[in-house]
Amino acid sequence: MKGFSTLFYKELLRFYKVSFQTILAPVVTALLYLLVFASTFRGRPDILPGVPYVAFLIPGLMMMSMIQNAFANSSSSLIQSKIAGNLIFILLSPLSALEFFLAFVGASVIRALCVAVGVYVAAVFFVALPVRHPLFLILFGVLGSAALGALGVIAGVWAERFDQLAGFQNFVVVPLSFLSGVFYSLRNLPPFWQTVSRLNPLLYMIDGFRYGFFGTSDVSPGLSLAIVAGFCALVSLWALALVGRGYRLRN
Amino acid sequence: MGPAIEVQGLHKRFAHVHAVRGVDLAVHQGEFFGLLGPNGAGKSTLINILAGLTRPDEGRAAICGHDVIADYREARRALGVVPQEVVFDPFFTVREVLAIQAGYFGLKGPKDKAWQEELLAALMLQDKGDANMRTLSGGMKRRVLIAQALVHRPRVVILDEPTAGVDVELRASLWVFIRRLHAEGHTIVLTTHYLEEAEALCERIAIMQGGCIAALDTKEALLRRALSKTLRVTTAEAAATLPPRLAPKLRKRTANILEFALQQGADSIPEVLESLRAAGFVVTDISTEQASLEEVFLELTKKTA
């Protein structure tokens, strides 16, 4: 696994070297959401009993940032390497498909966790945020980021142009992450939209992550964990199959 | 030890192109081998199959006995490829690039670091080791590509047009380095459009055309295949009339120098000289010139086109 550790390190180094863009910028974006929504909805009834709206928002914003950045990390690294042609250096090496996959997804998870920690550290200046179930926080954070990192591998392998990847991000990942209960509770939606929302796997990531903070959630945390783990396994197998076949990587 | 490269019954089809059509090839250990052919002949596809970048539709390819698909890890450990395109990762410095490439092969020890420094020195890159790849000139980026291909000390090195667009000085220094690699026992496979390079360096040469091997022989044997060679005759005076049987063979006439294109095996130099003397020419000097690899290449690729 020495080859894996090098590719993993290289992927970490890649986003670290541009951390202004890869870590700081998403933290600032999440804080802007927090400021805008918190001031707009000030004085409204609490969504979760005893949890101020600002506090309710923070776990959702953290998870949304993790989702978007985990996807962006693997997908942008792959598409840039494909278009610049330097992916050849990895393809000429003896790395297996599994090592390739784990390195890209692992780096995505680390970037997502860095962003989440950044949002958390900045947000606690605004509101106290208790952590009831740290294990659930870690499980949902890691599994959710890994799932989106794997989805980023699929998108990065599939896309042949930057606009194809931007389409995937803007028309799939961003809408799914915005419509996953970041800003509201599932219970506040009409029955039809509750049913539709339940088809969105990202909803369970955010709901489960929020459970880690407040010990209360819209969906049973066990069910959310099973769905998130299942979704992560599904996209991982799909990504591994594509990388193993060399789809759009090797002719 | 088996061949450095072994290819059997290789086929590769793309949407509308049969790029490689049943290629059989063996490159011996320690050989300096030339792979020539016009654009679209299938050279790059063949190289990509050997490197594992392209999957063949039929047939098999092996590097030092390791199948490029079934035993891809060992095959890739034995092979270094210098790609045709100058590609680089803009995030990293030269030293980082070499350390990362070596790391993919699991080579992270002090000896591996020392070899990377040796490569930097041999390729005159030591003062650029901490420079970002973006800041290097095209020639320097190409040298880094060569260093990257060699970080894992591969037994077989494929150079895909390594001197395309490279200035004369750098080209000469690259060939010194590549000759050194060959002298150290590496098998070198070279593709180039500069046929004089192949003629000067390669021991055996394969010429590809239309996805097939049109010719595969030693350089000397290929040169002997040339249909013609040049006979240049200097005469004492330019006024005499050329015998009618020599007129079709005359390629050029300038003052008192006559240049003939003689068919290999069919025309005899003594007979030509005798005919000239009989026609009143006084021959003062003669010289002959073998066909170049370029002429052989053009004849072969024209015939099989």
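A residue is called buried if 20 or more other C-beta atoms lie within 10 Å of its own, exposed if 12 or fewer, and partly exposed in between, with C-beta atoms placed from the backbone. The model here is predicted, so local features need pLDDT of at least 70 and side-chain atom pairs count only at pLDDT 80 or more, while totals for chains, interfaces and linings use all residues. Residues are numbered from 1 along each chain as its sequence is written, and chains are lettered from A and ligands numbered from 1 in the order in which they are written.

**Exercise 1. Find how many residues of strand E12 of chain B are buried, then find its partner strand.**

Step 1: Locate the strand. Strands (E, at least two residues) and helices (H or I, at least four) are DSSP runs, numbered from the N terminus. E12(B) covers residues 250–254.

Step 2: Look for pairing, which takes at least two DSSP bridges between two strands. E12(B) has four bridges to E13(B), residues 257–263, and the two run antiparallel.

Step 3: Check the turn. The two strands make a hairpin with two residues between them, and Ala255(B) in the turn has a positive phi of about 50°.

**Exercise 2. Describe how helices H3 and H7 of chain A pack.**

Step 1: Get the geometry. Axes are lines fitted to C-alpha atoms, for helices over the stretch in contact, and angles run from 0 to 180 degrees between N-to-C directions. H3(A) (53–84) and H7(A) (162–178) pack at about 165°, their axes 11 Å apart.

Step 2: Name the arrangement. Angles over 145 degrees count as roughly antiparallel, under 35 as roughly parallel, 65 to 115 as roughly perpendicular and the rest as oblique; H3(A) and H7(A) are therefore roughly antiparallel.

Step 3: List contacts, meaning C-beta atoms, placed from the backbone, within 7 Å. Among them are Phe71(A) of H3(A) and Leu165(A) of H7(A).

**Exercise 3. Work out the strand order of the open sheet in chain B and find its edges.**

Step 1: Read the order. The six strands go E6-E7-E8-E3-E9-E10, with mixed pairing.

Step 2: Spot the edges. E6(B) (79–82) and E10(B) (212–218) each have a single partner strand, so one side of each lacks a neighbour in the sheet.

Step 3: Zoom in on one pair. E3(B) (32–36) and E8(B) (187–191) are parallel over three bridges, and Gly34(B) is partnered with Leu190(B).

Conventions. Contact = placed C-beta atoms within 7 Å.
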